[in-house]
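These are my notebook entries on one structure.

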Amino acid sequence: MDRRTFMTYSAISLTGLAAQWAAVEPERLSSALGGKRVDGELVDRLEETSGRLTALPTEQRQHAVRLLDAHLVTVTELIEGGRYDETIGRRLHLLAANLATTCGWYRFDQGRHWAAGKLWGAALQSAHAAGDRDHGAGVLSDFAYQSNWLGEPKVSVDRLGHALSGTRHPTARSLLFLRRARAHAALGERADCRRDLSAAESALAAGAADAAPGWCAWMSPADLAVDSGRCLLDLGRTAEARARIAEGIALLPRARDKTRGIFLTYQARGCLEADDIEQALAVTGESLDLATRIGAPRCVTLVRELAPAFEPYRRVDGVPEFLERLRAS
């Protein structure tokens with residue numbers, strides 16, 4: 001039911017939203033009437049607190065989500081009822097966009113797609129009000145990733161096209177091209193997938209004088225390698241896919257445990273397609289252990305989706321016990 005309600009939200013509330021965002025310039029912010037004046041020192045404190053909360057690793061952030069929600073409520077109330085000048089208004093809107101994006105990702109990881117969509121819709125509006133097209137492109141990219149996750153890769157391709165019109169930073173463009181390549185691969189569009197993978201690689205190698213936007217600062221050669229491998233899996237090129245995924249996992253920093261857990265499920269899928277059952281069992285168990293420890297339900301879902309592929313191998317040592325563990329979890 002949650003998936004259906006999200007797709008309804010997507011169809012109604014987001015129809016034309018990406019195109020409008022790409023074409024319409026933000027209006028000037030005006031000070032809200034009434035309420036107390038919001039000064040720069042207060043916004044400094046709010047930004048500092050937000051930075052600490054959003055930088056928490058997944059294992060800790062799962063315990064702090066109520067703090068993030070409350071922080072977002074505080075910032076939203078200041079926007080709606082405070083008095084501030086143009087500069088402060090833009091800072092508040094950008095802060096709200098960052099917080100809503102992070103809170104939306106928490107809901108997405110929990111499988112609460114309707115709630116994630118509402119938060120990302122608010123983040124897109126706040127980024128637009130702040131005049132931050134880079135962050136707006138990032139939010140559209142998150143919507144696109146979610147659409148692909150929910151089995152709507154064509155929607156993902158369309159949204160990423162609009163997102164690419166909103167950012168020029170090479171790191172951001174690399175991530176957007178990579179996500180669009182994933183959607184093309186899901187659609188079986190080989191030539192388009194290869195084109196976007198090549199563009200993603202070229203953009204990431206280009207470098208830039210300015211730091212990457214915060215929403216994509218984590219993008220790295222590890223992500224490029226693993227997601228390229230996932231594309232190759234979808235296109236039936238298993239041997240090449242396994243090599244790229246292994247390369248990427250070896251490059252991934254240990255601090256990114258949630259990402260590692262997801263990447264390990266890609267690796268397991270490649271092993272299963274190559275009938276390397278023992279290795280598949282090892283990396284799937286590692287992924288499940290990691291996801292359980294850090295509280296990553298989306299990763300657990302990916303592991304469970306692999307269970308049918310293990311069923312024909314019940315005679316292999318360890319497989320029956322692993323399947324029983326999945327049923328009990």
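Predicted model: local features only at pLDDT ≥ 70, side-chain atom pairs only at ≥ 80, totals over all residues.

Entry 1, S174. I listed what S174 touches, not counting residues up to four places away in sequence: A200, A203, L204 and M219. Contact here means heavy atoms within 4.5 Å. The C-alpha atoms of S174 and L204 are separated by 5.4 Å, though the two are 30 residues apart along the chain. S174 lies in helix α10; helices are DSSP runs of H or I with at least four residues, strands are runs of E with at least two, and both are numbered from the N terminus. S174 counts as buried, at 0% relative accessibility. Buried means under 20% relative accessible area, exposed over 50%, and partly exposed in between, with a 1.4 Å probe and protein chains only.

Residues are numbered from 1 along each chain as its sequence is written, and side-chain values use heavy atoms, with hydrogens and water left out.

I found T265 in helix α14. Is T265 buried or exposed? T265 is buried, with a relative accessible area of 5%. Leaving aside neighbours within four places in sequence, T265 is in contact with S287, C299, L302, V303 and L306.

A pocket is an open set of points on a 1 Å grid over the protein atoms alone, where a 1.4 Å probe fits, with protein on both sides within 12 Å along at least five of seven lines; lining residues have an atom within 4 Å of a point. I noted a volume of about 570 Å³ for the second largest pocket, a volume being the space filled by probe spheres set on the points. The lining has 26 residues, and W149, R182, R230, L302 and E305 lie nearest the centre. Helix α16 gives the largest share, five residues.

I searched the whole structure for disulfides (cysteine sulfur atoms within 2.5 Å) and found zero. C193 is in no disulfide; the nearest cysteine sulfur, that of C231, is 3.9 Å away. C193 is buried, with a relative accessible area of 1%.

Leaving aside neighbours within four places in sequence, I listed the contacts of F310, among them L272, I277, V319 and F322.
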